[in-house]
Amino acid sequence: MAKITLSNLAHSYLPNPQKDADYALKKLNHVWEDGAAYALLGPSGCGKSTLLNIISGLLSPSEGQIFFNEQDVTQADTADRNIAQVFQFPVVYDTMTVKQNLAFPLKNRGVDAQYIETRVNEIAQMIGMQDVLNNKAQGLTADAKQKISLGRGMVREDVNAILFDEPLTVIDPHMKWELRTQLKALHQQLEHTMIYVTHDQTEALTFADKVVVMYDGKVVQIGTPKQLFEQPEHTFVGYFIGSPGMNLLPAKIEGSTAIINGTSIELGADYNNPTGKVEIGVRPEFCSFSDDGSGLMVSITRVEDIGRHKIVRTQFAGIELNVIAASSARIPADTCHIKFDLSAINVYVDGWRVEGQQRKRQQTKGEAAL
Amino acid sequence: MKTVNQKAWFLVLPVLLLVGFSAVIPLMTVVNYSVQDTFGNNVFYWVGLEWFEEILHSERMHNALGRQVIFTTVIMLIEIPLGIFISLHMPKKGVWASVCLVLIALPLLIPWNVVGTIWQIFGRIDIGLLGHSLNALGIDYNYVQNATAAWITIIIMDVWHWTSLVVLLCYAGLQAIPDAYYQAAKIDQASRWNVFRYIELPKMMGVLLIASLLRFMDSFMIYTEPFVLTGGGPGNVTTFLSIDLVKMAIGQFDLGPAAAFSLIYFLTILLISWVFYTIMTNIDKREGM
């Protein structure tokens, strides 16, 4: 078990990277705390797997260093790093039995046979495969094969970290949930450092203590699921996490007032007069219909009732704006007004979130209403 | 009630006719010769299975068969492992992968009698690069007179000509292995031998089966290359089954025995191929359980 430190790490698949765009993984400094469960979340091709393969040593980074605890392992072999990794598609040794498969990583390290026997049985129990231990791995279903892969990833107790590269992609939905819960329980029990790559936000949010969101080769935010939800640091996080994602409205901001296509909205904090690409972001959960005619006037285009709640799709000056309303809520007719929960408004300049100054000197009418 | 209509069988008719004319009828003429004898003037009379008995008990046939079995065994023992070895060491991607593939495929594109001619000239002691150099070095090499030299030359020639086929098939099999397998093996700290034993070899089993079958059938029927190189000599030491058969059929014009020989030859190849295939697929199936 180890703390993993990434220092000025960057990677490019090109031999001579010049521009920022040449890097699959842009310069990154981060410490993965010992024993924590992380999810690495991001769309396909954002550099998640690249980062994972660099940590496990399957890939050598173009720049920067990796430390396990205080030891520099940048040039160390995968084997020397003592890391377990589970891949997206099941990897089993076809000609071996399930048991031999599970025992393989231990056997290669010359572990005592007695120990292997007990450990393999433990793992088999964990993944629910005690009954098929002596079957050949080849004839099993993709589900079962992936469980073997997971089992092989967890069979060594002394690993520095366990890395998961979208391990549940091929697994049936009900099984997914079960395995995820098991992994989580396992993490609490073994306290290994775990890094779990996924592009599924539910998976990330349920598994991890901390979620690392990546976008376009960069880490855009590291935080607890709650932070990601309430204060997305980047418009991408807002948009990527949540269903539907955060509403983003281009605006002009003057102090504590945002002017969105001619309509003024109070922000509850002072942002001065930011320049650049200014947007305000509000999650659909914090939008509601106002009865008094204040807020943005929108036209409703569609209502989706998904059981727990309703998603109301509306248009404001050509921009899509989603509202989540209680399933019992009465949805107004075509045109209506939408107001935002003041504390849930985030302001973004050039994609990044900016913090506003709470005003003390004078209270505007809007803030008095708070 | 469902109306059963068998008229669709007429659609198969063209194929039946084609196969009939191209395979069945020619084969039947061979069968015809194998049970008859003639003293000329195109008059044949029935001899039953006499020719078959004669061939099965002929020492000439036994010797040719023995040479054939040794030849096929030796070249397969060399070509299959060598093919696997080369394919494992070929570059997986990039320009060099293409270059290697072209170089490897080259021998397969050369007509068989040209391969024979190349080695015939290459090994000659008067003008051949190989033969002349070896003799200049003091090694007594002469495939025309020395049985060992003739065998070695023929085997090297076959290995040169056909290992490429095994290499290409194995290479294709190796290319189909996803990267994740190698990565997982690294994570699991598998040794190079274990990677070969548990990942590469099992994934290559399918193509190896095809490669072995093709090499067996082809080498068991080999004719052109040794015929051009040694003509079956010195003496009879490189007279393999098909060379012997041609000698008998066209050289001596013994149509009856040659026809019986052909049929036995054909059935032997069919039988061994079938056994081969059954054993290999059974191994495959058992591993699948």
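Just so everyone knows, what we're looking at is a predicted model.

Now, the shape of H9 in chain B. It covers residues 192-220, and a straight helix of 29 residues would span 42 Å. Between its end C-alpha atoms, though, H9 of chain B spans only 35 Å. There's also a kink in this helix, about 55°, and where is it centred? On Met205 of chain B.

Over to chain A. This chain is split into domain 1, residues 4-235, and domain 2, residues 245-368. Their C-alpha centres lie 38 Å apart. How many residues are in contact between the two domains of chain A? On the domain 1 side there are 5, and they touch 9 residues of domain 2. That domain 1 side has 1 nonpolar residue, 3 polar and 1 charged.

Last bit: where the chains meet. Here 22 residues of chain A are in contact with 16 residues of chain B. Which elements of chain A give two or more residues to that side? Helix H2, at 78-81, strand E6, at 83-86, and helix H3, at 98-108. As for the makeup of the chain A side that touches chain B, we get 11 nonpolar, 7 polar and 4 charged residues.

That's my tour, thanks!

Key: Residues are numbered from 1 along each chain as its sequence is written. Chains are lettered from A and ligands numbered from 1 in the order in which they are written. This is a predicted model: local features need pLDDT of at least 70, side-chain atom pairs count only at pLDDT 80 or more; totals for chains, interfaces and linings use all residues. Helices (H or I, at least four residues) and strands (E, at least two) are DSSP runs, numbered from the N terminus. The expected span of a helix is 1.5 Å times one less than its number of residues. The bend at a residue is the angle between axes fitted to the seven residues ending there and the seven starting there. Domain bounds come from an automatic or database domain assignment. Two residues are in contact if their C-beta atoms, placed from the backbone, lie within 7 Å. Ala, Val, Leu, Ile, Met, Phe, Trp, Tyr, Cys and Pro count as nonpolar, Asp, Glu, Lys and Arg as charged, and the others, Gly among them, as polar.
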